[in-house]
Amino acid sequence: MLATIIQNLINALQWGSFYALIALGYTLVYGVLTLINFAHGDIFMVGAYIAFFVATFFLTTAELPGWAALALTIPLTMILTSMVGVALERVAYRPLRRKGANRLYVVITALMCGLILENANLALLGASRKAFPPMITEHVYNIGGVIFTDLKIAVIVTTILAFFVLHKIVTKTRVGMAMRAISYDKFAVPLMGIPMDNIIVITFVLGSGMAGLAGIMFAMSYPILEPYMGALIGWKAFIAAVVGGIGDIRGAFLGGFLLGAVEILVVAFFPSTFRDLIAFTVLLVILAFRPTGLFGVAKTTKI
Amino acid sequence: MLLSVENLEVKYGNIQPLHGISFHVNEGEIVTLIGANGAGKTTSLYSICRLAPPEAPRVIAGDIKFRGESILKTRPSDVVKKLKMALVPEGRHIFGNLTVMENLELATYSRERDADLKTEYQRIFDLFPRLHERRKQRSESLSGGEQQMLAVGRAMMTGCNFLLLDEPSMGLAPRLKYDLFRTLKKLNEEGMTILLVEQNAHLALHLAHRGYVLDTGKLAAAGSSKDLLGNPDVKKAYLGG
């Protein structure tokens, strides 16, 4: 019995890690720009593909040993994925902001950006799936009936560490303070001598970097890549961020794990085809009771 | 001349709130812009601070010069960082989700890390002891008067030597109003240049060295505070007879 609980807990944490990391990006951008960046799920997909190319390069062209390839792939993928996020901000969102466009148009633009990323991928790389190259050999452990791999534990630990780093940045640094300030009162931020666009760029760097990290770890855990892999997981992570209280990074993080846990629990007791149906019903009920999410305090604090 | 606004005409969309106004501020002065609602006082301040769209009025004619050089291409954050001008906006606009201390710290964003900030925080707390008592509180829990003190303190922490204030007395109890104006006088005596926009013309003219009277985007009168206080037209229109 205890073994089953621990087994499900590990599975839930690992599965929730991906939602949590992606939800952080949604919530950061929303906090600063009140923009729901619907392209974010596809940035995660791009992150996984970037990881694929970077890892393949290090393993086959550079012929590095697996651990060295992994050590280089993680930061490089995060940096490159950040650049994709920043490029999107520059090309698509900033011009609209300059013109003071209505939020509806910005959201539509975000949706289109996501579709463009998916279809550009399809056009450039074709519809065939890519198999992610193994960089490390996974080891399976069995402790008292609980079966887990070292990769699973690494995913969970990395996600928690990434969250603590992000949390430190948002709460303790001047940049983080500026991000929180923007979420409260955009007007007064430049009056403090703070270049707003720089803060927005940093926000996209942080959010997309997290999506890039999720991309690598997802590709290592489920090594089949296809252009639409970011769509559903992106939507789910967005819902996780809303359930947690969008605009608050603690909410996004916990919301991600909550969604992971609900999904794993459903599968533990019901046929797996029931998974999304029951998971979303539970989230709907949570929102009915707390429309601002677990951490959301309507309109007073974001991020 | 520290700041000069020359025949400035600006537009928000199709509305033109300024029809060619000119005024200037010398170093070390307190200058006030007075006039009724819609006279163009706030628009003048926003133009000077180069606020970004959509808040920013679009300049269609005229110029704004700082020490003789046009600042129409200056970024809003550089108005603070390089020109050392800071605006205390109408309605305070403090960051309610940050603590009092964080509000003050954030204002030092563009400054050198090795600046002697400790003495400066101390100076703010000497001027406004209430802020020191409440430094760890979320600033939205402050009273209106305390929020105004924070807005002024925050502007000072940007390291500015030119303070622009938009209706700082609005919503303050009479005692707090006089306290605030006494503080502004003290700051000015210590070398701070001040451009003050006020509806309370009496109070403003008693503090300022010079004043400009704005009327629907045009200059209606200008002169020393003493002259304006004695001017029968100004008296009738803005000082309640």
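Me: In what order do the six strands of the open sheet in chain B lie?
Reply: The pairing in this open sheet of chain B is mixed, two strands being paired if DSSP finds at least two bridges between them. The model is predicted, so local features need pLDDT of at least 70 and side-chain atom pairs pLDDT 80 or more, while totals for chains, interfaces and linings use all residues. Residues are numbered from 1 along each chain as its sequence is written, with chains lettered from A and ligands numbered from 1 in the order written. Strands (DSSP runs of E, at least two residues) and helices (H or I, at least four) are numbered from the N terminus, and the strand order is E6-E7-E8-E3-E9-E10.

Me: Why is one side of strand E6 and of strand E10 of chain B left without a neighbour in the sheet?
Reply: Strand E6 (85-88) and strand E10 (218-224) of chain B each have a single partner strand.

Me: Which element gives the most residues to the side of chain B that touches chain A?
Reply: The contact (C-beta atoms, placed from the backbone, within 7 Å) takes 20 residues from chain A and 26 from chain B. Helix H2 (76-81), E6 and helix H3 (100-106) of chain B each supply at least two residues of the side that touches chain A. The most, four residues, come from H2(B).

Terms used: Contact = placed C-beta atoms within 7 Å.
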